Amino acid sequence: MSWLIVAEKDLAAKRLAEILFKDLKVLRDGKAKFYYSQSKKAYVIGLKGHILELDFPDEFRDWRNTPLEKLVKADFVKKVKEIEIYNTLKKLALEAERVTIATDYDREGELIGLEALEIVKKFNKNVKIDRVKFSAITRDEILKVFSNPTEINYKLAEAAVARQKIDLLWGAVLTRLLSLSAESKEVLSAGRVQTPTLRLIVERENEIKNFKPEKYYEVAVFFENFSAKQNFKSKDEAENAIIKIEEFGTVKKFEKRIFEEDRPIPFNTTEFLSEAAKFMLPDKAMEIAESLYIQGYISYPRTDNTVYPESLDLISIVRSFAKSEFSREAEIVLSQEKIVPSRGKKETKDHPPIYPTSVASRRELDKDEWLIYELVVRRFLATLAPKAVWEVRRAEIDCGISFSVSGKKIVERGWREIYKKEDQEDLPELYVGQKLKVLKKELKEKETKPPPRYSASSIVKLMEKLNLGTKSTRHEIIKKLISRKYIKGNPFRPTEIAFSVVEVLKKFAEKITLPDMTAELEKEMDDIEKGLKSEKEVVERSRTMLESVLKSVEVKDLKELKIGAFKSKVLGKCMCGKDLVLKYSKSGKRFLGCINYPECSYSIPLPQIGKLTVTSNECKEHGFKILKVGGKKICPYCNYLKWREKYVRKS
DNA sequence: GCAAGGTC
């Protein structure tokens, strides 16, 4: 009989095994990997996070034939998601007499452990079970918790189950409702995290659309090496001011100040994604980070921590870069008398911030991998580099009217030599009483600008601030919004259908469009953990709310959806005067149909073979949007006429 | 074909 230790992931399993056992062997069973100590007859296996997945029973699978009122009340089933792990776990369970759950010590971790336990127990009823809870995989901590194992905290796991159920219920019911109502081929999804995120993007776009620019007037004076500006609300004021400007200005005040700009904080996932998203979509950045981690180039990329642990030998890591492409940057760090790392506000113990774990050369990696690797290395070195020192200058100059002007000049580049180029603003050294010749004066009419669209970089940070999603899911949520065709470009612009989805949901299910739903859920999960509420109670209450949401939906609320789904696909005008849009029949055939169907049943057939895209050009003769079908550009109406001619001749 | 959360 043996001892089985179950960790959340391979990384954790490996580290646990190394600390606990001296005679380690790595074993493989198909794709699954685990560690074995012969002397202790112990196995350590790393899961892949959740190995079971919540779903509805098969009878609810058909969207069209499942009334949503029934889906709200549906039961749940658990499906095996990681069959390889499942099979290995089964084998190891059969010969185990003791199982120790060593998954991460948090809600999801407790549930992931419980899932493994359910599988173990299914094949070995009499196994002895315990649980170890650690917040860092360090020698001391691990030895301590393993000498004093505790029990599974079922309430903690139940809180996670409530989240799973509520997310699936709301997500599935609303997604089906939206998708079926739109009569569009695309899935229109909704969820506790994606919908509030989408609403932010949509509402920002509305702000931009409704933005009324206000005029203002900028008066500028130009001296030999610099210029000064002042803004006025009214044109009169500005014109009066510019008249007053004399031939010479006098320096009334001049101040210099030294400003030390601190280093950037160590990378956690959000910081990393936000920086990487400036040149790559977050999802891709995360995928590459994952691959660099697997290859041993960087540390674990999923972390909330922004403080390097004491145990990390930062200086050795810097030294390892002394003979690399970053030798100059490493030298800047090493030349300091004392090397002190910067630190962020969030400190957790599970993983360190993201740092390079080995030195790579450009040749070893592909282009995108190198971009991410370089970002991580430069950021790491910057967190250990000297501060940047600026000289900030400020002057007041009187030339009939008074101008304030400031500038900044970098004195010691410090970490900016390594990580980010600085923007300097010129202002020369001046002295009080100095006369300056006015070379030119200028009045410009300007307009206030609307707020900027959210970019991949800014939305990741905003999501974190609003507690939407987690470090491991935010990039996936963004990818989902893109793949659902809700948002486009970067910065993100919502599509027509996104406006409709948000508008419609706000009408009868506003709850799911706001971050409050997550906040409430968090609170309920706390209550479950504390034993104040049961998982069942919380889920039932949520079902009831979703039920009343369904009851309050009116057909007219959903009409907008159909219009929105087709708005971007208006391809021409119908005989009846309404819009002709791209539609799909039940059997999946595409055609041009009237948006006013069933009142108007006019339609135009389309070629069925080849990828179809809508171009922005129009047919000069018929006004129809030109389509690209299988690489060929056609006007749907011209195409129809040709087709009819052929058909008529034949018959 | 639905979500979000882990993980590769």
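Me: What makes strand 1 and strand 7 a pair?
Reply: Two strands pair if DSSP finds at least two bridges between them. Strand 1 (residues 2–7) and strand 7 are joined by 6 bridges and run parallel, so they count as a pair. In this pairing, W3 stands opposite R98 in strand 7. By the way, this is a predicted model, where local features need pLDDT of at least 70, side-chain atom pairs count only at pLDDT 80 or more, and totals for chains, interfaces and linings use all residues. Residues are numbered from 1 along each chain as its sequence is written, while chains are lettered from A and ligands numbered from 1 in the order in which they are written.

Me: And how do you know that strand 7 is mostly covered?
Reply: A residue is buried if 20 or more other C-beta atoms, placed from the backbone, lie within 10 Å of its own. In strand 7 (residues 96–102), 5 of the 7 residues are buried.

Me: Why is the crossover from strand 7 to strand 8 called right-handed?
Reply: Strand 7 and strand 8 (residues 128–131) run parallel, joined by 4 bridges. Between them, the chain passes through helix 4 (residues 107–123) in a right-handed β-α-β crossover. The name applies because, with the strands pointing away from the viewer, the path from the first strand over the helix to the second runs clockwise.

Notes. Buried ≥ 20, exposed ≤ 12 C-beta atoms within 10 Å, placed from the backbone. Helix = DSSP H or I, 4+ residues; strand = E, 2+ residues; numbered from the N terminus.
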